Each structure stands twice: as structure tokens, then as C-alpha cells.
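Take a walk through this fold.

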Amino acid sequence: DLAQGQRMPSLNFSVGMDAERGSSASGTVALRLEWLLFDFGATSAGIQQSRQTLAAVLDDQRAEVLLALADAAQLFTAAKTAFGRFDSAAINLRTAQDSARMTEARQAAGAGSLAEKMQAQTALAQARLEHIRTKSQWQAASGSLSIAMGLGASQTLSFDPAEADDDSFFDQTLDTQALIDEARVRHPRVAAARARLAEAQARSKSIDAERWGNVTLNAVAGRIRTSGYTDLRDTSSASVLWTLPLFDRGVTSARQREVQGQIQVRNAGVDDALGQIELQVWQQSQALIADRDILREARTVRNSAELSLRVSSERYRSGVGLFSDVLTAQNVAANARFQWVEARANLLKSQFRLAASIGRFGPLAPS
């Protein structure tokens, strides 16, 4: 607004009184108009410089928003992980309860031993302990996320425990080069660096234009009244003035050399921002691909472990299996569920990080 205001005329109103001892006094009322008619592009360059400065500030603000959302995303994924572990602990607890009831029934029928019953009770106690621990962790993570969302720490949050596994998700390809090209255009850090470069270039144009001076219009219209005279005298004048600097002791040349140095630095800043963004997108893309593969394998391990647990339980219930096999399968299934929860959370983090490295507000799914 200040830069654009240079193109507008200014109008001033003045009232004055002059008096000298032994002489008459006079009063003056006047309007003065000043208008910059032409400055060889200096004002336009100044407006462009101001616009680029504003653009750089806004892009910096967008980059800060990305960082703030990235922090919130970390809290979100931490809460989601804690909820997933709590839900898995609840499943493990139900499995341990089923095993304990099964050993009690077999002992009551004379087909089971006291040692098996005690082993089942020990596994049940461990499952309860883990359930209590994961519940506490979930409540703490939920409180942190609620505070970050502007809610109370006691606000109840919930996640869907039954998330469907989309097989097509694992078959999708990730076009890393397309994401890099997108980031080079839209990421606010790159945009801010380019805006600062354009700001310095506009400043250079402004300094060049200042060498030719400016053309201004000055006009004054007023009325004067002198003591002792009843008549009022109207006065007015107008002038068009071209001010051309001839010699400024090398100040303009020094300013131009300074801004040329800034242009070189900011050109390097653009290249640096592009390189950093490309590296981040590449690294986060590879991390996303790896975490996606890890989640696929973790899902396979979880499904296999749960199937093994069902088979071991049925064999023991039918009297052809050992309870030690049930306990082993139970522990493997519990660990597999926890690994699957961690892998799912890590993939979600990678999606958020990749989206942030591109300049999007995530999460970002491969497509």
C-alpha cells in the first residue's frame, strides 16, 4: 500500500500568519498539490519489490504452518499408535482369558494338568498388565492430542479399530520424479526463495530508474490578506519539474553493486532450496515405499500368527496338542499384532512427511 501510494497525488492545506515589528501582518490560506508524473519506472519497480517482499513473508508463513501441522501430525500418529496398541492388548487379553478358561475346563474334565492351568493364569496376568499399561499410554497420548487441537486434556477421542486392509494400496506405484517436480513448483520454501530473488531484481531496476530522476507537478492556490487592507489577494502557481541527478559521489553505483551481490546470493538460495526439497522428497519417497513394504509383511506375519494360534488352540482343545504350543503361538500373535500397529503408524508418519516435503497438507497416499 505504501509503494502504490507513491503514484497518487498529495494535497496539503496550510494556514499561516506572518508579522514583523513596525510592519503589517499578513495571513495566508493555501492548498498545495504535489504529483509525481513520471519517474522512468522507479515507482513500478518499487511496487514490484514490495509485492515480492510480501509474497516471501506469506510463503515463510506457509512453511511455518507446514511445520506446525507436522508437529500435530506426530501427535496424531502417536495417539493412533497408542490406541492401536491398546486395542491389540485388549485382543491379547481376550485370547489369554480364552486360554485360561480352556485349561480350567480340561483340568475339570481330568484331561489337563495343574501346571498348564498355572501357565495360563500367568499369561493372563501378563496380558492384564499389558492392557493396563497400554491404556495409560493411550490416555496420555489422547490428552496431548486434545491439547494440540485446542480441546481439554480430558476430551474423549476415538479411532476406528477396524481399519480395512486395502490390497490395491500395496500395488500402487509412486512417481517420485512427478512429486519432485511438484515440490519444485509449490513448496513454500522454494516460493519464498524465488520471491526474495525477484525482490532483489526489482530493487535493481528501481536503482537504475533513479539515475534518470523524476518529473513532478507542483501547484499552489491560496489567498492572502494583509492587515490594513480590506482586499484579499488570490495567488496561484504551477510548475512541472524534472529533477535529474548528475553526480551523487558514487552512491547509486555502490547501491547497484550491493543489490547485484544480493541477487547472486539469492540465486544461490533458490538453488539451495530446490536441492534440499528434492533431497527431502526423494528420501521421504523411499521411506514411504519401505514402510509400505514393511506394513505388507507385518500384515502377513499377523495373519499367519493368528492362524497358527487358532490351529494350536483347536489342537489343544481336541486333546492332540500341547498347551506350551498354545502359549508360544499366543505370544507370537501378540507380538505380531504390536508389530502391525507400529508398521501402520510408521507408514502414516511417512505419508505426512512426504506430503510436507512436497508442500501439501497430508497425509499423502501413493498413486
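Two strands count as paired if DSSP finds at least two bridges between them. Helices (H or I, at least four residues) and strands (E, at least two) are themselves DSSP runs, numbered from the N terminus. This is a predicted model, in which local features need pLDDT of at least 70, side-chain atom pairs count only at pLDDT 80 or more, and totals for chains, interfaces and linings use all residues. Residues are numbered from 1 along each chain as its sequence is written, and side-chain values use heavy atoms, with hydrogens and water left out.

Start with the sheet. It is open and holds 4 strands, in the order β1-β2-β3-β4, with antiparallel pairing. Which strands stand at the edges? They are β1 (10–18) and β4 (233–243). Each has a single partner strand, so one side of each is left without a neighbour in the sheet. From one strand to the next, the twist averages 15 degrees.

Now follow the pairings. Strand β1 runs antiparallel to β2 (residues 26–38), and 9 bridges join them. Asp18 has Ser26 of β2 as its bridge partner. Phe13 stands opposite Leu31, also in β2. Next comes the pairing of β2 with β3 (residues 214–226), antiparallel over 12 bridges. Here Phe38 is bridged to Val215 in β3. In a regular strand, side chains alternate between the two faces of the sheet.

Turn to the helices. How do α2 and α6 cross? Helix α2 covers residues 42–108 and helix α6 residues 188–210. Their axes, which are lines fitted to C-alpha atoms over the stretch in contact, come within 8 Å and cross at roughly 165 degrees. Angles run from 0 to 180 degrees between N-to-C directions. The two helices are therefore roughly antiparallel, a label for angles over 145 degrees. Their crossing is left-handed: the near helix is turned anticlockwise from the far one by less than a right angle. The residues of this contact divide into 13 nonpolar, 6 polar and 8 charged. Nonpolar covers Ala, Val, Leu, Ile, Met, Phe, Trp, Tyr, Cys and Pro; charged covers Asp, Glu, Lys and Arg; the others, Gly among them, are polar.

Last, look at Gln4. It lies in helix α1 (residues 2–5). Gln4 counts as partly exposed because its relative accessibility is 38%, between the buried limit of under 20% and the exposed limit of over 50% (1.4 Å probe, protein chains only). Leaving aside neighbours within four places in sequence, Gln4 is in contact with Ile47 and Arg51, contact meaning heavy atoms within 4.5 Å.

Methods: Angles under 35 degrees count as roughly parallel, over 145 as roughly antiparallel, 65 to 115 as roughly perpendicular and the rest as oblique.
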